[in-house]
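Subject: Handover of a structure

Hello,

I am passing this structure on to you, with notes on what was found in it. Please look through it first and then read on.

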Amino acid sequence: MLIVMKSGASQNEIDRVIEVIEILGFRGHAMPGEGRTAIGITGNKGAIDPAHFENLPGVADAIRVTKPYKLISKDLRPERSVVKVGNATIGGDELAIIAGPCAVENPKQVLAVAESVAASGSKFFRGGAFKPRTSPYAFQGMGEDGLKILAEARDQFGLNIVTEAMDEQGVDLVVKYGDCIQIGARNMQNFSLLKYAGQTRKPVLLKRGLSATLDEFLLAAEYIMSEGNYDVILCERGIRTFADHARNTMDLSIVPAVHRMTHLPIIVDPSHGTGHNYLVNPLARAGVAVGADGLLIEVHPCPEEALCDGAQALTPNQYLELVTQVNRLHALMVEEDARTPVVTEIAV
Ligand code: PEP
Ligand code: MN
């Protein structure tokens with residue numbers, strides 16, 4: 001059930017609807033929009049009688065929801081969501097670029113990349129302190145010490161920190177040191193982790209699972225939001241296919257599909273999406289061209305010495321070149337969108 005409030009509904013009227021939802025034993029999720037506030041209801045097993053709500057002051061409509069999605073849906077919030085991450089945002093008019101090394105290795109490496117990321121004008125820095133590695137013998141990340149180095153990069157360069165958590169303890173630590181909790185592809189359906197991150201009030205960057213369908217991806221976001229954390233950013237990072245020229249196959253069609261179905265922002269990650277340095281720049285541009293709200297790019301001062309994902313890392317110079325190109329492309333697209341459509345008539 002979705003309760004749509006009248007455009008001038010007061011906070012008291014909204015609060016009363018939520019109170020009635022709670023009296024019925026469910027949970028209400030108010031989503032303020034540009035024109036009106038809508039309230040989603042979760043926790044109900046079956047249909048709810050609209051009669052509970054339709055006569056409450058300020059209510060415009062009580063609509064039955066037949067889709068499996070409640071909170072990610074455009075029915076709840078027709079406008080695109082802009083998610084605040086630290087002192088910046090993802091999902092607005094600006095292209096959000098999150099860049100940094102795959103893994104935090106040492107202060108020198110992190111601060112060198114952070115300097116380039118700040119110089120490029122990007123506002124978000126990434127780096128993993130907890131690494132989900134295929135082999136238990138591979139470098140697993142620096143843990144809390146790594147998070148302290150990321151916090152130092154934020155203090156020195158004013159960048160907002162996006163970093164992965166693999167378990168509940170990791171979420172607590174990322175909340176303490178970082179600005180955005182990354183949930184990686186391998187954990188996209190770790191439902192207890194999703195719920196735990198949903199109980200925090202830090203934004204969550206949710207990466208698409210290795211073989212997740214659009215439905216599974218969106219329902220994973222729904223898990224986080226159903227706990228009351230509405231600040232979710234989706235990330236396409238490539239899926240497993242038969243193609244073996246790249247580490248993964250970037251499914252760029254998911255960007256417009258996500259925008260069609262949800263109000264959440266989606267960024268693309270051509271680093272994990274391709275696994276190869278030479279593919280990162282073209283696929284980053286392609287991601288911008290299909291309307292992604294941002295990019296996630298791995299950068300290393302010396303990729304051949306990287307402890308993790310060196311083959312896909314850009315050098316700082318390659319990264320700076322990419323930022324110039326994607327910003328130009330994005331500006332061109334914004335300019336095009338702002339133009340009045342040209343109607344071409346063919347004389348017959
Ligand atoms: C990462 O961002 O470093 C990472 C491990 O990504 P993914 O979960 O997409 O593999
Ligand atoms: Mn990586």
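A residue counts as buried under 20% relative accessible area, as exposed over 50%, and as partly exposed in between, with a 1.4 Å probe and protein chains only. By that scale Gly141, at 25% relative accessibility, is partly exposed. Gly141 sits in the loop between β8 (124-126) and α3 (144-157); helices (H or I, at least four residues) and strands (E, at least two) are DSSP runs, numbered from the N terminus. From Gly141 to Ala165 there are 24 residues in sequence and 11 Å in space, C-alpha to C-alpha.

This is a predicted model, in which local features need pLDDT of at least 70 and side-chain atom pairs count only at pLDDT 80 or more, while totals for chains, interfaces and linings use all residues. Residues are numbered from 1 along each chain as its sequence is written, chains are lettered from A and ligands numbered from 1 in the order in which they are written, and side-chain values use heavy atoms, with hydrogens and water left out.

Ligand 1

Around ligand 1 there are 13 residues, and the closest are Arg126, Gln182, Ala185, Arg186 and Arg237; a residue is near a molecule if one of its heavy atoms lies within 4 Å of it. This shell is made up of three nonpolar, three polar and seven charged residues. Here Ala, Val, Leu, Ile, Met, Phe, Trp, Tyr, Cys and Pro count as nonpolar, Asp, Glu, Lys and Arg as charged, and the others, Gly among them, as polar.

Polar contacts are pairs of N or O atoms within 3.5 Å; within protein, one must be able to donate a hydrogen and the other to accept it, and residues adjacent in sequence count only if both atoms are side-chain atoms. In the side chain of Gln182, an N or O atom is 2.9 Å from an oxygen atom of ligand 1. For the side chain of Arg186 the distance from such an atom to a ligand 1 oxygen is 2.8 Å. Ala185 contributes a backbone N or O atom, 2.7 Å from an oxygen atom of ligand 1. On its own, ligand 1 has 300 Å² of accessible area, and the protein covers 97% of it (Shrake-Rupley method, 1.4 Å probe; for residues, only the protein chains shown count as cover).

The manganese ion

Which residues are the protein donors of the manganese ion (ligand 2)? They are Cys102 (SG), His272 (NE2), Glu298 (OE) and Asp309 (OD), at 2.1 to 2.4 Å. Their spacing in sequence is C-x169-H-x25-E-x10-D. His272 belongs to helix α8 (residues 270-274) and Glu298 to strand β14 (residues 294-298), so this pair, 26 residues apart, links distant parts of the chain. Donors are N, O and S atoms within 2.8 Å of the metal (3.2 Å for Na, K and Ca); water is not among the atoms, so sites may look incomplete.

His272 and Glu298 are both buried. Ser271, also in helix α8, is buried with a relative accessible area of 0%. A polar atom of the Ser271 side chain lies 2.9 Å from the backbone nitrogen of Glu298.

An aromatic pair

The whole structure holds one aromatic pair. Phe191 and Tyr223 have ring centres 4.5 Å apart and planes at 25°, so the pair is stacked. Rings of Phe, Tyr and Trp (its six-membered ring) pair if their centres lie within 6.5 Å; planes under 30 degrees apart count as stacked, over 60 as edge-to-face and the rest as tilted.

Regards
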